[in-house]
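Keep the viewer open as you read.

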Amino acid sequence: MVRSASNSGLSSVVVLVADRDPSVTDELATVLRGHFTVRSAYDSADALASLDPEVSVALVDPDIPGLSVHHVIKRVQTDAVDCQIAALTDERIDLDASAFDEYLVKPVAPEHLTATVERLSKRALYRTTLEEYYQIASDRATTDDPERRAELERRLSELDDRLGDAMGGLDGADAYDAALRQLDVDS
Amino acid sequence: MSTRPDADDESTEMPSNVLLLAPSLSGQEQDVCHQLLHGSDADANGLLVTCLESPRDRLAAWTDHDHAETGEVAVVDVDMSARSTAAADAVTSLPANATIESVSTEEGLVDLGEAIDRQLTRLTATGETAVCLHSVSDLLQHGDERGVFKFLTVLTNSVARTDAVAHYHMNPDVHDAETIETLEVLFDSIVDLRTASVSSE
């Protein structure tokens with residue numbers, strides 16, 4: 001059930017599409033524009049320039065010239081770009097052995113494409129909301145000012161509701177993975 | 001039992017998620033754990049997550065000597081490679097209604113979360129389920145506060161949405177006050193054995 005009324009909030013979700021074949025990029029972007037805000041990138045520089053904190057989901061061809069997965073991951077680590085990344089590939093890949101959150105084998109059926117991006121956008125929302133929740137809980141623990149503390153507790157309560165909503169679209173295993181999957185937090 | 005309700009808890013229902021602050025050598029810890037596991041329903045299923053203690057020891061905490069019949073029990077045994085005795089010997093004395101699933105934390109907490117989720121889904125499908133996580137302190141020794149916080153956020157939400165109840169052991173003596181204050185927002189109520197007399201209130 002991809003096209004439901006609850007999808008209306010998805011139009012603000014920013015998706016980056018970058019395939020090595022410009023016509024594939026355009027084709028995927030066209031399908032996704034019906035549901036999301038889409039950025040197309042046709043080369044490595046373009047893709048990296050488009051990858052900012054507004055992007056929730058990036059569909060990236062690992063074989064796009066000059067764009068190694070390493071570059072994308074590096075970008076996600078260093079610039080607070082915490083998006084979900086799906087590989088656009090010609091064959092299945094082992095996700096556990098890769099840095100990708102998901103993969104899409106080309107050609108991608110429109111319904112599968114939209115459903116996958118929707119699921120990844122839910123993971124992205126859950127992940128970023130959870131990070132904010134942690135930051136505020138941590139701030140609350142270190143403040144001595146009662147007013148500040150009360151304000152932080154109000155925000156925690158709001159975020160708690162939003163987390164509940166965001167988790168609603170994920171099954172349990174997916175929620176753990178979205179919450180905790182680490183590319184590398186130490187760098 | 002002294003509890004510290006978090007924010008707006010006005011219901012009289014059993015809280016879904018309880019943080020059990022039990023200092024080292026607290027003689028009450030096992031009793032309170034047992035109460036929390038069997039408090040709502042003596043026949044409830046149990047899901048016991050253990051890090052450093054052997055599954056056998058956690059099963060001993062679960063076993064209700066007053067009720068011969070109990071629900072199913074599953075132990076998720078987290079291999080932190082720090083336990084001195086081999087866990088395998090516990091299998092020989094495993095009760096018929098018990099299962100043990102071992103997970104490694106090498107890959108971080110995702111695998112543990114998925115194992116817990118599998119068992120929680122299975123057990124809550126058959127009846128009321130009480131969860132014991134032993135312990136938050138052990139998880140914090142292995143992972144950073146941020147990761148453990150997020151892991152516990154998902155777990156407490158999962159417990160609430162499957163209508164289970166859970167408690168989480170934590171030794172307050174080995175953490176700074178900020179860590180405890182950061183984590184406490186995730187729980188509906190806190191039982192603090194440093195200050196509480198279990199029989200009071």
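## A strand and its two partners

In chain B, β1(B) and β6(B) run parallel to each other and pair over five bridges. One of the residue pairs to look for is L20(B), whose bridge partner in β6(B) is H169(B). Please keep in mind that this is a predicted model.

β1(B), which spans residues 17-21, also pairs with β7(B), again in the parallel sense, over four bridges. Here V18(B) has S189(B) as its bridge partner in β7(B), while L19(B) is bridged to I190(B) of β7(B). How much of β1(B) is covered? Four of its five residues are buried, so β1(B) is mostly covered.

## The whole sheet of chain B

Seven strands of chain B make an open sheet with parallel pairing, in the order β4-β3-β2-β5-β6-β1-β7. β4 (98-104) and β7 (189-192) of chain B each have a single partner strand because they stand at the edges, and one side of each is therefore left without a neighbour in the sheet. From one strand to the next, the twist averages 15 degrees.

Helix α1 of chain B, residues 29-38, packs on this sheet. The strands of chain B that α1 touches are β1, β2 (45-50), β5 (129-134), β6 and β7. The direction of α1 makes about 150 degrees with that of β5(B).

## The chain B fold in outline

Chain B has six helices and seven strands. Along the sequence they follow the pattern β-α-β-α-β-β-α-β-α-α-β-α-β. Of the 201 residues in chain B, 42% are buried. Among contacts in chain B with a separation of 6 or more, 85% are between residues 24 or more positions apart.

## A closer look at A22(B)

A22(B) sits in the loop between β1 and α1 of chain B. Why does A22(B) count as buried? It has 24 C-beta neighbours inside 10 Å, and 20 or more is the cut-off for a buried residue.

Which residues are in contact with A22(B), leaving aside its neighbours within four places in sequence? They are E29(B), H169(B), N171(B) and L193(B). H169(B) is also the bridge partner of L20(B). A22(B) and P172(B) are 150 residues apart in sequence, yet their C-alpha atoms are 6.6 Å apart in space.

## Where the two chains meet

At the contact between the chains, 20 residues of chain B touch 21 residues of chain A. On the chain B side, α3 (110-126), α5 (145-161) and α6 (177-184) each supply at least two residues. Which element of chain B gives the most to this side? It is α5(B), with nine residues. By class, the chain B side has six nonpolar, eight polar and six charged residues.

Seven of the nine residues of α6(A) are buried: G172(A), A175(A), Y176(A), D177(A), A178(A), A179(A) and L180(A). What covers these buried residues comes from both chains, including α4 and α5 (146-168) of chain A along with α3 and α5 of chain B.

## Two domains in chain A

Chain A is divided into domain 1, residues 5-121, and domain 2, residues 124-180. The centres of these two domains of chain A are 26 Å apart, taken over C-alpha atoms. Seven residues of domain 1 are in contact with four residues of domain 2 in chain A. The elements giving two or more residues to the domain 1 side are β3 (55-60) and α4 (110-142) of chain A. That side of domain 1 has three nonpolar, three polar and one charged residues.

## How confident is the prediction?

The model as a whole scores ipTM 0.84 and pTM 0.86. For chain B the pLDDT averages 83, and 80% of the residues score at least 70.

Over residues 1-11 of chain B the pLDDT is below 50. Beyond near neighbours in sequence, this stretch has 22 contacts in the model.

How values were computed:
Residues numbered from 1 in each chain as written. Chains lettered and ligands numbered in written order. Predicted model: local features only at pLDDT ≥ 70, side-chain atom pairs only at ≥ 80, totals over all residues. Domains from an automatic or database assignment. Contact = placed C-beta atoms within 7 Å. Nonpolar A, V, L, I, M, F, W, Y, C, P; charged D, E, K, R; others polar. pLDDT = per-residue confidence, 0-100. Buried ≥ 20, exposed ≤ 12 C-beta atoms within 10 Å, placed from the backbone. Pairing = 2+ DSSP bridges. Axes fitted to C-alpha atoms, helices over the stretch in contact; angles between N-to-C directions.
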